[in-house]
Amino acid sequence: LGFNLSAQTLSDPLLWDFVDGVIDRTRAPASSIVFEITETAAVTNFKAAEQFILNARLRNCRVSLDDFGSGMSSFEYLRRFPIDSIKINGSFVEHMATSRYDREIVAAIIGIARSLGYAVVAEKIEKEETLAMLRDMGVDFGQGFLLHRPEALADLVARTAHQARTA
């Protein structure tokens, strides 16, 4: 499960007590939880983001740098934060089928991520053609309306629990 975090959430002193409690109650493997930190959140509170990532690492949770490429300091974050994956900003993904520039930017981000050992997530996948191109480029994970519409966490948990009981 991936969770987007705001700059404010990164420095919330009660966050880790809450996360630890949920992991204990649900017995969910911490390694299946991905915290997504946007570049904006990281730059807004760099120290809090750095501390948050260290805390996530201590618990074996995963961390993704969200909206990669949208900020001017993207590459600095790769150097500073021990992350697991990069999520390519949807503004590059949504028009890549018709824009050579967007395709090249996506390919470059994938190449850099691969060379550093990061998984790659593409967001804003809304067309089959885009999905096929991303598969051919070796993107690991995708997100977008073509794949699934957003849903409330409570609905997702209920649906998943029901499927597990009937399987």
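View 1. On a 1 Å grid over the protein atoms alone, a pocket is an open set of points where a 1.4 Å probe fits, with protein on both sides within 12 Å along at least five of seven lines, and its lining residues have an atom within 4 Å of a point. Grid points are joined across faces, edges and corners, and a volume is the space filled by probe spheres set on the points. The model shown is predicted, with local features needing pLDDT of at least 70 and side-chain atom pairs pLDDT 80 or more, while totals for chains, interfaces and linings use all residues. Residues are numbered from 1 along each chain as its sequence is written, and side-chain values use heavy atoms, with hydrogens and water left out. The largest pocket holds about 1,000 Å³ of space, and among its 32 lining residues L1, G2, E36, K87 and Q143 lie nearest its centre. At least two lining residues come from each of several elements, including strand 1 (2-5), strand 2 (34-38) and helix 9 (153-166), where helices (H or I, at least four residues) and strands (E, at least two) are DSSP runs numbered from the N terminus.

**View 2. The second largest pocket.** This pocket has a volume of about 490 Å³, and of the 18 residues that line it, L1, F3, V22, I33 and L153 are the closest to its centre. Helix 2 (15-26) is one of the elements that supply at least two lining residues, and helix 2 gives the most, with six residues. The lining divides into 15 nonpolar, three polar and no charged residues, with Ala, Val, Leu, Ile, Met, Phe, Trp, Tyr, Cys and Pro counted as nonpolar, Asp, Glu, Lys and Arg as charged, and the others, Gly among them, as polar.

View 3. Six strands form an open sheet in the order 1-2-3-4-5-6, with parallel pairing, and strands 1 and 6 are the edge strands, each pairing on one side only. Two strands pair if DSSP finds at least two bridges between them; four bridges join strand 1 to strand 2, and N4 stands opposite E36 in strand 2.

**View 4. Helix 7 against helix 8.** R103, V106, A107 and I110 in helix 7 meet M133, L134 and M137 in helix 8, contact meaning heavy atoms within 4.5 Å. By class, this contact has six nonpolar, no polar and one charged residues.
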